[in-house]
Amino acid sequence: MLEQVVDSTDETMRQYFRLVYGSSSNVAVFGPDTTAFVPLGEGVKQGDATSSLFFCLGVDVALGLIQHTLATVGIQAEIYMYMDDLTICVEHSQANAAANAAIRAFSTIGLHINEAKSKILCDVGGPFALPQCTHDHEFIVLGANISRTEQSFAGFTEKLLRRQEGYFALLRTVPLHPHAMSTILRICGFPRIMYHCATTPPRAMQRVATYFDAQVKSLVELTIDPSGNTLIPLSMIHDDGGLGAPHYSAHLHEIFGAFRNMAITDDPNPPRLSLTTRTESTTSTAQVDHQWLFFDAQNALTPAQFATALSIRLGVIPHHLRLHSTKCNCGHIYTTDDTESIDHVLTCDMSCHVTHTMRHNMIRDAIVHTTRSYGITSTKEPTCFLYNDGKRHRPDALFHTSPQALVIDVSATSLYPVQEHIERISKEKFDNHKEATRAAGCVFFPFVMATRGTLGASAENFINSISKAVQPFQQKGFSKQMHHAVATAAARGRADALMAAAQRQRW
């Protein structure tokens with residue numbers, strides 16, 4: 001049936017369908033001490049980006065049959081279908097006819113209605129071809145419970161809780177790299193209950209939202225310290241300068257009210273809600289970047305590096321790296337104020353061997369490595385420029401692009417306020433190198449950023465400019481890769497510095 005429907009579409013769709021579905025595919029089956037591959041010759045393929053489209057093309061035939069059958073016998077029906085979720089609205093006396101029409105129509109295209117998950121919502125009448133329920137029982141439409149009694153939501157809430165418990169238990173059980181686990185949590189976990197918060201009354205959703213928020217906090221605390229002895233301030237869990245996790249339990253009424261208004265007014269634009277905070281502290285401003293929080297195999301951190309970098313972002317020092325009551329080589333005594341201790345480690349080159357210079361070189365090398373991976377020839381610390389003072393200054397990197405080569409000099413500042421110091425250092429570097437690089441026909445960019453990650457305007461301009469040196473279809477990916485590489489290098493430097501400082505204090 002699907003093949004016949006595809007044949008009625010354009011030639012490109014027909015060619016794609018023949019290419020992807022012209023032969024069977026193998027499906028991996030995993031079990032206790034067993035791994036097998038089973039040929040799949042029917043249905044859409046798991047993971048195929050167009051599988052949803054093909055499914056909708058097929059069921060559209062069934063929808064047409066349902067509409068035609070009901071119209072033939074004079075039944076006025078409103079038919080809605082989202083993927084595999086079908087809703088038909090008719091008079092209660094016509095409900096059985098509509099149910100039978102749907103069963104026959106889907107059977108025609110080879111699909112069978114799941115009667116265990118299908119219901120007829122009606123307070124009177126019967127018997128029906130499908131199970132019946134009233135408005136006082138749980139009734140799910142598109143994953144939302146539209147019942148009207150408190151009791152009908154009790155079981156629904158319990159099911160949502162069990163699903164979240166299973167999700168977090170899986171994250172704790174599967175031996176994932178903490179960087180990969182954190183990426184899954186941010187991409188798949190953070191939006192996980194948003195739909196239910198938007199469609200379930202707050203009184204019924206409060207337990208689920210409170211549990212979810214608590215589990216996110218607990219999981220991150222175990223990530224940075226598996227011993228469980230390090231606690232993260234709640235404010236840093238829900239702040240954009242920290243973990244940036246949505247605070248569902250604190251915004252339930254706001255979420256439900258906004259989406260209820262959208263449904264009632266038939267507004268096609270979903271509400272734009274802020275479920276996090278944005279602290280205007282100097283630390284928060286300095287670490288607005290978040291690219292390194294997402295796992296990327298080309299710019300990976302070790303488990304220890306990621307856990308330590310994440311703890312720095314959250315303003316805590318893990319129990320096994322604690323510094324308080326010890327003394328830095330400069331004479332500074334570390335206190336129980338973790339934020340102050342972290343700032344000192346990142347500022348004082350006497351705190352450990354991972355100095356500003358070493359962290360600077362990590363950033364420079366990440367930039368050079370990324371450009372070379374895209375075929376851009378580069379030279380580290382070129383000595384080909386002539387300066388007015390007669391000294392052989394060396395910018396950090398020269399990129400041999402056309403029509404003009406690009407030159408950068410890298411710097412990372414730990415001083416506050418961040419933006420002011422980034423602008424000041426950028427101006428100093430530009431004044432130092434602009435004449436010499438211009439005389440050689442090059443364009444100079446000061447690549448200045450905060451030690452905690454935020455890029456300066458000139459650094460962003462450099463990334464935009466050098467992106468034009470690769471093929472147009474690669475430019476967006478190159479820019480993303482460059483941002484990730486720089487952010488990860490800075491995070492690695494911060495983590496290495498704190499771990500080295502803790503190791504020095506132990507000795």
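Aspartate 409 is buried (under 20% relative accessible area, with exposed over 50% and partly exposed in between; 1.4 Å probe, protein chains only), at 8% relative accessibility. The model is predicted: local features need pLDDT of at least 70, side-chain atom pairs count only at pLDDT 80 or more, and totals for chains, interfaces and linings use all residues. Residues are numbered from 1 along each chain as its sequence is written, and side-chain values use heavy atoms, with hydrogens and water left out.

Aspartate 409 pairs with lysine 429 in a salt bridge, 2.5 Å from N to O. The term denotes a side-chain nitrogen of Lys or Arg within 4 Å of a carboxyl oxygen of Asp or Glu. The two partners come from distant parts of the chain, 20 residues apart. Aspartate 409 lies in strand E11 (residues 405-413), and lysine 429 in helix H15 (residues 418-439). Helices (H or I, at least four residues) and strands (E, at least two) are DSSP runs, numbered from the N terminus. Lysine 429 is buried as well, with a relative accessible area of 14%.

A second pair sits within one helix. Lysine 217 and glutamate 221 form a salt bridge, their closest N and O atoms 2.5 Å apart. Both belong to helix H8 (residues 202-224); they are four residues apart, so about one helical turn separates them. Glutamate 221 is buried, at 11% relative accessible area.

Glutamate 11 bridges to arginine 18, with closest N and O atoms 3.4 Å apart. Glutamate 11 is partly exposed at 35% relative accessibility. Arginine 18 is also partly exposed, at 47%.

In total, the structure holds 20 salt bridges.
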